[in-house]
Amino acid sequence: MNDHSLAGRTGEGPPLRADIDLAALRSNVRALRRRLTGGAALMAVVKADGYGHGMLPCARAARQAGAAWLGAATPQEALALRAAGDTGRVLCWLWTPDGPWRAAVEADLDVSVSGRWALELAVGAARAAGRTARVQLKADTGLGRNGAQPADWPELVAAARAAEATGAVRVTGLWSHLACADEPGHPSIRRQLASFAEAVAVAERAGLRPEVRHLANSPATLTLPEAHYDLVRTGVSVYGLSPSAEVGTPEDFGLRPVMTLRAALAQVKRVPGGHGVSYGHHYTTPGATTLALVPAGYADGVPRHASGNGPVLVAGKLRTVAGRVAMDQFVVDLGGDTAEVGDEAVLFGPGDRGEPTAEDWARAAGTIGYEIVTRIGPRVPRIYHGVEPSPGEPVV
Ligand SMILES: *Cc1c(COP(=O)(O)O)cnc(C)c1O
């Protein structure tokens with residue numbers, strides 16, 4: 001290493017960055033829409049900051065590619081979409097009594113209702129706001145999480161129909177969520193399809209005429225056409241990841257991973273054999289070697305469970321984290337190879353330039369690709385590529 005080798009670097013690059021390929025996101029949305037049966041529409045799920053990719057740019061790109069709906073978990077996320085200028089249909093489904101229900105009704109959000117308490121709050125908010133609340137009734141068809149149990153469904157449906165008659169609400173949707181769609185053939189899938197068909201029939205017999213009935217997440221969108229109904233709620237596949245190895249690879253469905261996580265090496269140095277590496281000395285250099293320091297740690301979402309195991313592309317080869325992942329950094333043993341400080345380390349990306357994928361990190365850490373991308377921390381700047389401003393809309 002000498003000073004000449006650093007000539008030409010601007011010194012402006014962040015040590016660690018997530019490049020977000022919005023052209024790939026748009027192409028993923030289009031590829032998913034081509035699979036839809038019976039004229040179903042697509043909801044791009046942008047909760048949790050767009051699965052870590054940045055909610056607003058991803059929401060905008062998904063709209064540009066024809067997402068008729070956006071999906072959020074919390075009303076706060078949905079309201080942030082409105083604050084950024086999104087005027088299309090938005091459903092949010094994770095409610096507590098504090099809402100904010102009235103703000104959601106005033107912002108024209110579709111709000112999910114899983115029980116009488118939530119219906120009453122939606123009705124109260126509608127009266128206070130002097131308008132009709134759009135509500136979607138959620139059935140628990142077997143996931144055991146949110147949604148009304150089959151035993152409570154007829155009463156919820158009847159109460160919603162009565163509220164509709166007063167003009168306080170309009171029931172725009174009936175919906176549910178699958179437990180095991182990422183394990184195609186799992187026996188619970190058939191049971192949930194049947195339970196959902198029954199919930200829809202009960203609601204329709206009670207006089208409800210929803211715009212949309214929906215059940216499918218990404219794995220059901222990719223593997224179970226009979227679950228498409230009027231709308232699919234795709235999250236992870238929009239970001240180019242497959243829900244599971246059993247479902248397939250992204251390429252099987254024409255999907256391309258949207259995020260590439262890369263770092264500039266913060267240190268490269270020769271060390272003797274027998275040198276301990278990182279906290280706890282869980283790695284010791286087998287002989288004299290070169291160590292490279294990657295400025296990415298568990299505060300950035302690099303899983304500590306991938307200590308000694310996580311894959312990374314450095315100096316043209318796939319290598320493995322040496323020793324523990326720390327809060328801000330980890331070390332890679334370059335063996336007989338060399339690199340220079342500032343050289344690139346790619347933690348994951350689409351995988352077609354030899355770099356690992358988020359799925360590879362998931363396997364190394366005993367988790368799922370969803371968690372790998374979603375946990376990328378706030379210290380990591382998201383750098384957007386392929387931005388297409390929409391005419392007349394504020395740039396977010
Ligand atoms: C997160 C979520 C989705 C999206 O699931 P993916 O598997 O990422 O497509 C759909 N519906 C609900 C209710 C969710 O919470």
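In this predicted model, a polar side-chain atom of R233 is placed 2.9 Å from a nitrogen atom of the ligand. Of the 390 Å² of accessible area that the ligand has on its own, the protein covers 95%.

The surroundings of the ligand can be described residue by residue and element by element. The ligand is surrounded by 15 residues, of which the closest are K47, Y51, S218, G235 and Y370. At least two residues of the shell are supplied by each of three elements, namely α2 (47–51), α9 (218–223) and β9 (231–234). The space that the ligand takes up is, moreover, the largest pocket.

Aromatic side chains were examined as well, and a search of the whole structure gives 7 aromatic pairs. One of them is formed by W101 and W117, whose rings are arranged edge-to-face, with 6.2 Å from centre to centre and 90° between the planes. Because W101 belongs to helix α5 (residues 101–106) and W117 to helix α6 (residues 116–129), this pair ties together parts that are 16 residues apart in sequence.

How values were computed: Residues numbered from 1 in each chain as written. Predicted model: local features only at pLDDT ≥ 70, side-chain atom pairs only at ≥ 80, totals over all residues. Heavy atoms only, no water. Near = heavy atom within 4 Å. Polar contact = N/O pair within 3.5 Å; in protein donor to acceptor, adjacent residues only side chain to side chain. Areas by Shrake-Rupley, 256 points an atom, 1.4 Å probe, with all protein chains shown as cover. 1 Å grid on protein atoms, 1.4 Å probe; cavity = no way out; pocket = protein on both sides within 12 Å on 5 of 7 lines; lining within 4 Å. Sits in = over half its atoms within 2 Å of the grid points. Helix = DSSP H or I, 4+ residues; strand = E, 2+ residues; numbered from the N terminus. Phe/Tyr/Trp six-rings, centres within 6.5 Å; stacked < 30°, edge-to-face > 60°.
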